[in-house]
Amino acid sequence: QVQLVESGGGLVQPGGSLRLSCAASGSFFSINTMGWYRQAPGRQRELVAVTISGGSTTYRDSVKGRFTSSIDYAKNTVYLQMNSLKPEDTAVYYCNAILTRYSGPALNYWGQGTQVTVSS
């Protein structure tokens, strides 16, 4: 059974930095994509960043130049380095991965979510 386990959220002042981590565990063949979504209270879940395995990373416009998503394929872990954080970045951040299994179609997985609060 595949699980995505997140860590690294918390409270930070505006202008500060945080790094989120998400490790995929269990049995699967390969990573198709890994990335991050977020959901603020009263709003829909939105894409933050997604990386296609061996390819490029797509970011939402509001985080370009401030956030960096990267995958360590040896550890099956995706990181989200968040710099110059703003109050509007406050949300629950969810890790997402599409993984190819040894049998059957690729499946979409979600982490449990981690709270990021940007406030003075």
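Predicted model: local features only at pLDDT ≥ 70, side-chain atom pairs only at ≥ 80, totals over all residues.
**Salt bridges, strands and a disulfide**

Me: Is Glu46 buried or exposed?
Reply: Glu46 forms a salt bridge with Arg38, with the closest N and O atoms 2.8 Å apart. Arg38 has a relative accessible area of 5%, and Glu46 comes out at 15%. The cut-off for the covered class is under 20%. That makes Glu46 buried.

Me: Which residues are linked in a network of salt bridges?
Reply: The structure holds five salt bridges. Taken together, the network's members are Arg38, Glu46, Arg60, Arg66 and Asp89.

Me: Which strands stand at the edges, each with a single partner strand?
Reply: Four strands form an open sheet in the order E1-E3-E8-E7, with antiparallel pairing. The two at the edges each have one side left without a neighbour in the sheet, because each has a single partner strand; they are E1 (3-7) and E7 (67-72).

Me: How many degrees does the twist average from one strand to the next?
Reply: This is about the open sheet ordered E1-E3-E8-E7. Going from one strand to the next, the twist averages 15 degrees.

Me: Which residue in E3 does Glu6 stand opposite?
Reply: E1 and E3 (residues 18-25) pair in the antiparallel sense over five bridges. Across from Glu6, the residue in E3 is Cys22.

Me: How far apart are the sulfur atoms of Cys22 and Cys95?
Reply: A search of the whole structure finds one disulfide. Its cysteines come from distant parts of the chain, Cys22 in strand E3 and Cys95 in strand E9, 73 residues apart. Cys22 is buried, as is Cys95. Their sulfur atoms are separated by 2.1 Å.

Me: What is the torsion about the S-S bond of Cys22 and Cys95?
Reply: Cys22 and Cys95 form a disulfide. That disulfide is left-handed because the torsion about its S-S bond is about -80 degrees.

Me: Which residues make up the uncovered face of E7?
Reply: E7 is joined to strand E8 (residues 77-82) by six bridges and runs antiparallel to E8. One of the residues on the covered face of E7 is Phe67, which stands opposite Met82 in E8. Ser69 and Ile71 are also on the covered face, leaving the uncovered one to Thr68, Ser70 and Asp72.

Me: Which residue in the turn between E7 and E8 has a positive phi of about 50 degrees?
Reply: E7 and E8 form a hairpin with four residues between them. The turn residue with that positive phi is Asn76.

Me: How many of the ten residues of strand E9 are buried?
Reply: Strand E9 covers residues 91-100 and includes Cys95, which is buried. The strand is mostly covered, and its buried count is seven.

Me: Which residue in E9 does Met34 stand opposite?
Reply: Strand E4 (residues 30-39) and E9 run antiparallel and are joined by nine bridges. Opposite Met34, the residue in E9 is Ala97.

Me: Which residue in the hairpin of E9 and E10 takes a positive phi near 85 degrees?
Reply: E9 and strand E10 (residues 107-110) run antiparallel, with four bridges joining them. Leu99 has Leu107 as its bridge partner in E10. The hairpin has six residues between the strands, and the positive phi belongs to Gly104.

Note on methods. Residues numbered from 1 in each chain as written. Heavy atoms only, no water. Pairing = 2+ DSSP bridges. Axes fitted to C-alpha atoms, helices over the stretch in contact; angles between N-to-C directions. Buried < 20%, exposed > 50% of the residue type's maximum accessible area, 1.4 Å probe, protein only. Disulfide = S-S within 2.5 Å. Salt bridge = Lys/Arg side-chain N within 4 Å of Asp/Glu carboxyl O.
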